[in-house]
Amino acid sequence: MRRGSVHRFVLLLVGMLALAACGSAPAGSGPVDPATDGEWQLVAGTVDGQDLVAPPGATATLDLADGEARGISFCNHWFATYRADAAALSFDGIGGTEMGCDPDVMAAESAFLRALGEVREAALDGEDLVLTGDRVELRFSPVAPVPDSPLADTRWVLDTLVDGEVASTTLGEPAVLMLRADGGLQGSTGCRSLTGSWLLEEGSLAVDDLLSDDAACPPDVERQDEHVTGVLAAGPEVEIHEDRLTLTADARGLIYRAQPGTADLLGSWALVEGTSATGPLPVPDGARGTLTLSPGSLATGMAFCNGFGGTYTLEGNELRLADTAHTLMGCEGPVGEAEGRYLEVLLDRSHRAQVDGDRLVLVSDAGTLVFDRLPPVPLAELTDRRWELEAVVRSTGTAGAGAPAVLELRSDGTATVSTGCREFEASWRTAGDAVQLADWQFELLDCPPEVADQDESLVQVLGGAFGVHVEGDVLTVGGVDTRGAQTPTLSYRAR
């Protein structure tokens with residue numbers, strides 16, 4: 001089903017309660033029979049003598065519980081209250097979300113909702129539930145209960161924002177939340193990406209080191225961005241029901257839906273081998289072909305020479321990359337040849353994706369790409385510590401620090417760097433398995449000869465994307481955006 005444009009909507013408290021599947025039954029209401037409680041899927045129907053045909057890929061559902069009714073109406077979510085007395089059943093206050101879908105889907109939705117409004121009786125026919133009224137009949141089959149999705153290692157996609165007695169749909173790019181089993185957090189707000197760490201404490205989500213990138217949010221998404229980060233930072237209460245995750249802090253909340261089949265793909269991957277239409281795909285020494293799939297449906301990476309970015313979707317095991325663009329730095333020789341063939345196989349096409357442990361294989365008509373998983377940046381061990389340079393390791397040998405040089409990456413996204421000659425402030429963010437500094441502010445100085453080489457080495461490494469490894473109080477930093485060139489390695493110690 002192809003979605004059309006999505007419009008913002010506002011619901012009163014009844015809508016929020018229906019979407020959250022909670023609330024109490026109105027006086028005099030209740031199920032026709034205990035067997036009718038639960039979720040049902042439409043399998044057949046007639047409206048005014050015409051068959052109600054479900055459009056391809058769309059479905060309509062009915063969920064009855066304690067006087068509250070809700071479900072999917074082919075395109076949107078719908079909700080209502082219902083009254084029952086023996087075989088009599090009627091729905092009141094039918095409402096729903098306001099997404100736009102293809103005309104045939106919207107026509108089926110309109111007929112379905114109109115039929116619900118005409119329902120007056122309900123009966124069980126074998127395992128089916130049949131609702132009838134004036135010139136309408138809707139037949140539903142039971143839906144097997146859905147087990148609760150695990151909190152960790154599930155890709156949660158934001159469905160609804162709750163603010164007091166008002167609920168609203170999301171805007172911008174998909175806003176997602178990924179709580180990894182190792183305690184790491186990845187996510188997005190609809191316009192910015194998020195990283196951090198998490199811990200479940202007595203039913204509440206404790207989030208630490210919550211960092212966001214420096215992307216500017218459009219005005220209509222900025223409020224959503226503030227809502228998401230505010231709830232996550234407030235230690236929200238956690239409730240999981242089937243495929244729905246609800247986070248509540250004070251009077252505000254976030255309702256997520258589980259998207260199965262994507263958790264294993266998220267993260268950063270490095271190309272280890274591949275084939276294209278012309279044969280084996282080369283992987284030059286010292287250069288990297290990478291792919292990072294972020295929780296916010298963004299795909300980025302390095303193509304040995306240039307960086308690229310775009311979006312991705314996943315349906316079953318079909319991974320689709322689209323809307324891609326890349327930088328235009330010219331690279332020649334083996335690096336340039338490898339880049340052209342890598343991008344030819346990877347971009348703007350669908351791949352059959354298979355994850356086996358820490359290995360990802362993408363297969364398409366253009367070729368096969370094999371990746372190994374790259375470890376995430378160890379934020380908890382890296383940030384809010386003062387790292388002092390101890391040595392610079394070059395291909396020609398190792399030199400001790402010629403003058404004090406410091407690296408500080410703070411959890412608020414700011415950084416302080418000194419080279420032994422100059423000091424500057426910057427912002428920083430993670431990029432897959434690497435760290436990137438931005439917004440450098442420093443004076444152009446001629447460094448004394450005794451620290452000029454050290455200054456040059458630090459700027460060379462820290463000026464691009466750099467990888468980090470923390471072991472105890474020792475930090476090792478190396479350039480990863482090398483384009484096949486040798487870069488120094490920096491050794492720091494925490495003080």
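Predicted model: local features only at pLDDT ≥ 70, side-chain atom pairs only at ≥ 80, totals over all residues.
Q: Disulfides next. How many are there?
A: The count comes to 2 disulfides. The rule is a pair of cysteine sulfur atoms within 2.5 Å.

Q: Which cysteine pairs with Cys 191?
A: Cys 217 does. The sulfur atoms of Cys 191 and Cys 217 are 1.9 Å apart. This pair links distant parts of the chain, 26 residues apart. Cys 191 is in the loop between S16 and strand S17 (193-201). Cys 217 is in the loop between strand S18 (204-212) and helix H3 (219-233). Helices (H or I, at least four residues) and strands (E, at least two) are DSSP runs, numbered from the N terminus.

Q: Is the disulfide of Cys 191 and Cys 217 right-handed or left-handed?
A: The S-S torsion of Cys 191 and Cys 217 is about 60°, so the disulfide is right-handed.

Q: And is Cys 217 buried or exposed?
A: Cys 217 is buried, at 17% relative accessible area. Cys 191 is partly exposed, at 21%. Buried means under 20% relative accessible area, exposed over 50%, partly exposed in between (1.4 Å probe, protein chains only).

Q: Where does the pair of Cys 421 and Cys 447 sit?
A: The sulfur atoms of Cys 421 and Cys 447 are 2.0 Å apart, as a disulfide. Cys 421 is in the loop between strand S34 (414-418) and strand S35 (423-431). Cys 447 is in the loop between strand S36 (434-441) and helix H6 (449-462). So the pair ties together parts 26 residues apart in sequence. The torsion about the S-S bond of Cys 421 and Cys 447 is about -95°, so this disulfide is left-handed. Cys 447 is buried, at 18% relative accessible area.

Q: Back to S16. Where does Gly 187 lie?
A: Gly 187 lies in strand S16 (residues 184-188). Gly 187 is buried, with a relative accessible area of 2%.

Q: New topic. How many aromatic pairs turn up?
A: A search of the whole structure finds 7 aromatic pairs. Rings of Phe, Tyr and Trp (its six-membered ring) pair if their centres lie within 6.5 Å; planes under 30 degrees apart count as stacked, over 60 as edge-to-face and the rest as tilted. One of the pairs is Phe 112 with Phe 140, edge-to-face, 6.4 Å centre to centre, with 65° between the planes.

Q: Which parts does that pair tie together?
A: Phe 112 lies in helix H2 (residues 103-118) and Phe 140 in strand S12 (residues 136-142), so the pair ties together parts 28 residues apart in sequence. Phe 112 and Phe 140 are buried. Ring pairs also link Phe 112 and Phe 140 with Phe 74, Trp 78 and Phe 91 into a cluster.

Q: What lines the second largest cavity?
A: The lining is Ala 299, Phe 308, Gly 309, Gly 310, Thr 311, Leu 321, Thr 324 and Leu 347. A cavity is a set of points on a 1 Å grid over the protein atoms alone where a 1.4 Å probe fits but cannot get out; lining residues have an atom within 4 Å of a point. The largest share of this lining, 4 residues, comes from S26.

Definitions and conventions:
Residues numbered from 1 in each chain as written. Heavy atoms only, no water. 1 Å grid on protein atoms, 1.4 Å probe; cavity = no way out; pocket = protein on both sides within 12 Å on 5 of 7 lines; lining within 4 Å.
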